[in-house]
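Student: I have a model open and want to learn how to read it. Can you take me through it feature by feature?

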Amino acid sequence: MNVQPAGSPGAAPSPERLPERRGSSLSSKTSEGLWGYLFIFPQLLGLVAFSLIPLVSAFVISMMNWDGMGTKQFVGFQNFIGQLRDEEFRIALVNTVYYTILSVPTGIVLAMLVAVGLNRVRGKILYRLIYFMPNITMSVAVAVVFMWLFNADFGLINMYLKQWFGITGPSWLTDSRYVMPSIAMLSVWMGLGGNMVLFLAGLQGISRSYYEAAEIDGAGKWQQLIHITIPLLSPTTFFVTIMSIIGSFQVFDQSFVMTSGGPAKASYTLVYHIYETAFADFTFGKSTAAAVILFLMILSLTLFQMKMSRRWVHYED
Amino acid sequence: MPYRGLRASTVLLHTVLIIGACIMALPFVWMVLSSLKDLSQVFVVPPKWIPDPFVWSNYKDSLTALPFGRAYLNSFYINVIVVVSQLVTCSMAAYAFAKISFPFREPLFILFLATMMVPGQVTIIPLYLIMKNIGWLDTHLAIIVPSALLNAFGVFLLRQFFRGIPKEMEEAAIVDGANRWTIYARIMLPLIKPALSALGIFTFLGMWNNFFNPLIFLSSTDKFTVPMMLNLYRGMYSTDWTLMMAGASIALIPVLIVYIIGQKYIIEGVTLSGIKG
């Protein structure tokens, strides 16, 4: 079965609306409206109850001093100012940005290279099956497995470093210098397949004629990669970059399970901070303020990316 | 493409891709093999991959050390309810957004899309407080109801598919006097089965793997879902690597089965989510 996505020719022709042809246009219009709301009702209810109301409440709570039970006290923007000055918030922000710098560019470049390599190779489906597998697995289970792989004394990584290269590996997860790079490696491993699939889809969209023209002009594979593939893949690269940054700013499971934010808060991330401030300290106002700051950072990063994208994203038509 | 014979560059490319594939697969292989080892084999240098002897009882031990069976049951029934409800509610909303003209359709749809931008951490504390007020904390309702009634991505995904169906499919039925519900249930739903499969699989994987929401809402061990139980396990038996690997394998097996069966739909779905721009 082949279903076309939106904007395909099948969806384009739109004859006059049928109910209107039948004369009693008012009542049909009303009944169409009723049907419409009937159909969206369950999801609309969910949207209001579990997204809009909590979102508005979040802004209200972020301006209050509140432990979730006792008296509420309105404090204006104090929580926001307090968070920006808070030592732990700053540590969390620095760690999160560091993690993003470590994981996002590496993840994107590797995913693009693998996709380009896979695109014209035999056995693409089997490779894709394996490369995509980590993407769908449970972060907690994967974290448990990697805790062992990263173990300083009995982990596979250090055992083979010793055996093959004679190097004594670091204490990956218990050394504050290595903990964030370790978590970033795990994330690159987990995320590679998803980005790769998006890049493969992007590659499918590039017309063969560009390459044929380039071959006639005598351009080599390398030149084709630099001058055709990478520029024409830029809309996908743009989308993948935005999604990766949004995801990396929300990193939590891995550091919660593997290191509890340690050692010495070296893997304490923004979401970890939000979690701790709410459910260990019971300062809901401060926690929500930190969450709103996270939201605004993600939003402004996305908008900044969109603005910058005009300079480097090329659309084919 | 005609077969051109093995060229050096092709061999090199395959070599690199195979090394990459090994790196992607090794943690899983190591997990499953280690789950069958005796604990004494764990500390052998250089590492031994093949268990000797095979200790099948690790699985029995890990299932009985903590109420893993209970967590499994919890995760399963939560997943079934959420997947079924989402398929119904998302497809209903998606059909309306694609095919019915009603007042404020476009602004409402944009509102749905906009909520996808809000990270879950922003709404989690108000949600926690709402659940607390209505007495749903530490119940599965706190996990089930919000997921069953809201998946903006699902609405978006299915709407894309409904929009691809030509209008003529509906027109004949409308002339025959069929109402909207009949058209939706009898004509439209069967046409988007591949999309429904994709959404069902996504929802299943997302719910099965989700750690953050159960962590916030559930506190009694007998209510725990699989990832929470595994995390508890990690805290209690952190040195018993073989049992932990058995636990991790038990947690991952349903995911891997769903993945192998449904990988075509998963890849289609991921691909479609990328061309929204």
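Student: Start with secondary structure. How many helices and strands does chain B have?

Tutor: This is a predicted model, so keep that in mind throughout. Chain B has 13 helices and zero strands. Along the sequence, the pattern is α-α-α-α-α-α-α-α-α-α-α-α-α.

Student: What radius of gyration does chain B have, against a compact globule of 277 residues?

Tutor: The globule would come out near 19 Å, but chain B has 24 Å. Its C-alpha atoms fill a box of roughly 75 × 65 × 35 Å along the principal axes.

Student: What share of the residues of chain B is buried?

Tutor: Of 277 residues, 43% count as buried. Look at contacts too. Among those in chain B with a separation of 6 or more, 77% link residues 24 or more positions apart.

Student: Now the interface. How is its size usually given?

Tutor: Often as the accessible area lost when the parts come together. Here we have residue counts instead. Chain A gives 80 residues to the contact and chain B gives 82. On the chain A side, helix H2 (residues 25–61) supplies the largest share, 19 residues. By class, that side of chain A has 57 nonpolar, 20 polar and three charged residues.

Student: Which residues have the most contacts inside the largest nonpolar core?

Tutor: They are Ala141(A), Val144(A), Leu158(B) and Ala248(B), in a core of 157 residues. Helix H3 (residues 68–99) of chain B brings the largest share of this core, 14 residues. Now select Ala141(A). Leaving out residues up to four places away in sequence, Ala141(A) touches Leu230(B), Ala248(B), Ala251(B) and Leu252(B).

Student: Next, a single helix. Which way do residues three or four places apart point?

Tutor: They point the same way, because an α-helix has 3.6 residues a turn. Take helix H9 (residues 180–191) of chain B. Check its length before its faces. At 1.5 Å a residue, its twelve residues should span 16 Å, and the end C-alpha atoms are 15 Å apart, which agrees.

Student: Which residues of H9(B) are buried?

Tutor: Arg180(B), Ile183(B), Tyr184(B) and Met188(B). They sit on the same side of H9(B), because they cover an arc of only 95 degrees around the axis. The face turned away from that buried side carries the exposed residues Arg186(B) and Pro190(B).

Student: Now the backbone. What are phi and the peptide bond like in most residues?

Tutor: Most residues other than glycine have a negative phi, and most peptide bonds are trans. Look for the exceptions. A cis bond joins Gly262(A) and Pro263(A), with omega about -5 degrees. Pro263(A) lies in the loop between helix H12 (253–258) and helix H13 (270–279) of chain A. In chain B, the bond from Asp52(B) to Pro53(B) is cis, with omega near 0 degrees. Pro53(B) is in the loop between helix H1 (8–34) and helix H2 (57–65) of chain B.

Student: And phi? What is its value at Lys265(A)?

Tutor: About 65 degrees, a positive phi in a residue that is not a glycine. Lys265(A) lies in the loop between H12 and H13 of chain A.

Student: Where does Phe282(A) lie?

Tutor: In the loop between H13 and helix H14 (284–312) of chain A. Phi of Phe282(A) is near 55 degrees, a positive value in a residue other than glycine. With 14 C-beta neighbours inside 10 Å, Phe282(A) counts as partly exposed.

Definitions and conventions:
Residues numbered from 1 in each chain as written. Chains lettered and ligands numbered in written order. Predicted model: local features only at pLDDT ≥ 70, side-chain atom pairs only at ≥ 80, totals over all residues. Helix = DSSP H or I, 4+ residues; strand = E, 2+ residues; numbered from the N terminus. Rg over C-alpha atoms; globule rule 2.2 N^0.38 Å. Buried ≥ 20, exposed ≤ 12 C-beta atoms within 10 Å, placed from the backbone. Contact = placed C-beta atoms within 7 Å. Nonpolar A, V, L, I, M, F, W, Y, C, P; charged D, E, K, R; others polar. Core = buried A, V, L, I, M, F, W, Y, C linked by C-beta atoms within 7 Å. Expected span 1.5 Å × (residues − 1). Arc of directions from axis to C-beta.
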